[in-house]
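This briefing covers a few local features of the structure shown below. The points are grouped by topic.

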Amino acid sequence: MNKEGPSTRDEDQVQHTGDEDQPKTPEAAPVNLEERCFLWATMDNYNQFETIFQLRGPNTLEAMRYNFMTMVPQAYIDMQMVSLVCHVLNREEWTRYQRDVYCVPLEILIRMFKTYGANYLDKKTKMPYLMSQLKDQQYMELLDKEKLKKHSTLFAPVLYSHHWWLYVLDVQSKEFYVVDSVYGTTQSQERNRLHRFACNVLNQLRVWAGDPSLLKKHTIGLQLRFVDLPKQPNSTDCGVYVMKRMELLDVAALSAAHTFKIQYDIEEWNEDQLDQFRKEIVSKLIMSKDNTLNVNAINQALNMTREAITEARTRIGRQPKPFAALKSPYVQVTTAELDKRH
């Protein structure tokens with residue numbers, strides 16, 4: 001009897017009968033649980049409308065397979081995926097998220113952008129529009145008022161005009177950072193207006209949570225900074241960059257620069273690494289303790305046949321290559337390890 005439980009050793013390896021130098025088929029590599037969860041969650045010939053993630057707790061947040069399908073290589077990432085990462089990171093037990101950093105649910109900022117855009121000044125009052133002017137206030141229920149008020153750093157991802165970027169508000173230094181993997185420090189007038197609007201909205205959130213220290217008469221007193229980071233190697237991975245920056249960005253290093261344009265020294269990621277990040281994020285969301293559907297999802301992933309796995313790999317196309325030294329801190333290692341060049 002196998003005391004270690006069922007093994008997938010025979011199922012997941014292909015017997016090589018020909019020349020070992022021949023190209024490997026998509027089924028040649030072993031399949032671990034992480035990849036099984038990724039393939040199962042992103043398989044487009046399964047039920048695309050099946051709910052495969054449901055956030056544990058009072059604020060119900062769900063995602064279907066079609067949301068997860070946007071995490072395959074070269075796909076534009078759906079906003080629901082970034083939203084899930086925000087909520088799960090906020091529940092992490094690391095000191096970083098329990099004491100210092102709060103990821104603002106993206107629905108609020110995106111809703112303000114969608115409603116008012118770059119022309120955010122009320123024509124009557126000549127002041128920026130307020131969140132209270134939104135007709136639908138349901139998104140406010142997603143906010144953690146205590147963390148919003150007490151944490152020293154706010155991360156706010158945003159999607160606008162088919163592009164993701166990240167805002168960072170350092171409450172203590174009263175500095176506001178724009179982290180953009182495409183435009184970097186070169187921003188158009190429209191985007192600069194959006195940045196000022198976002199700055200004001202985050203101020204409003206602090207006031208709403210009970211901390212009026214930043215906002216005075218709805219004017220912006222924060223210093224706007226642009227962070228010069230390595231750029232993404234394609235047109236589709238801006239969402240991946242945002243999710244990874246929320247995990248890894250060292251706000252103390254940004255604050256120490258005290259310059260308008262900040263050069264931040266971090267590893268430049270290639271497409272294989274970014275593909276690996278996509279797989280890690282999907283698998284950890286599926287297996288997360290905050291996913292009430294995780295047991296059923298894992299069981300279904302484990303029950304995938306070798307034929308289904310081969311088909312899923314073929315449909316997805318380019319396969320993420322494992323980078324052990326670049327495993328996400330969201331998975332198991334530290335930021336310092338990920339930043340090391342190797």
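Leu224 counts as partly exposed because its relative accessibility is 22%, and buried requires a value under 20%. In this predicted model, Leu224 belongs to strand E7, which spans residues 223-228.

- Gln74 is not a glycine, yet its phi is positive, near 70 degrees.
- The loop that holds Gln74 runs between helix H3 (65-68) and helix H4 (79-90).
- Gln74 has a relative accessibility of 52% and therefore counts as exposed, the cut-off being over 50%.
- Ser161, also a residue other than glycine, has a positive phi of about 55 degrees.
- Ser161 sits in the loop between two strands, E4 (153-160) and E5 (163-170).
- With a relative accessibility of 53%, Ser161 counts as exposed.

**Helix H11**

- Helix H11 covers residues 271-287, 17 residues in total.
- From the first C-alpha of H11 to the last, the helix reaches 24 Å, close to the 24 Å expected at 1.5 Å a residue.
- Of the 17 residues in H11, 14 are buried, and the helix is mostly covered.
- The N-terminal end of H11 is capped by Asn270.
- In this cap, a side-chain oxygen of Asn270 lies 3.1 Å from the backbone nitrogen of Asp272.

Key. Residues are numbered from 1 along each chain as its sequence is written. This is a predicted model: local features need pLDDT of at least 70, side-chain atom pairs count only at pLDDT 80 or more; totals for chains, interfaces and linings use all residues. Side-chain values use heavy atoms; hydrogens and water are left out. Helices (H or I, at least four residues) and strands (E, at least two) are DSSP runs, numbered from the N terminus. Buried means under 20% relative accessible area, exposed over 50%, partly exposed in between (1.4 Å probe, protein chains only). The expected span of a helix is 1.5 Å times one less than its number of residues. A polar contact is a pair of N or O atoms within 3.5 Å; within protein, one must be able to donate a hydrogen and the other to accept it, and residues adjacent in sequence count only if both atoms are side-chain atoms.
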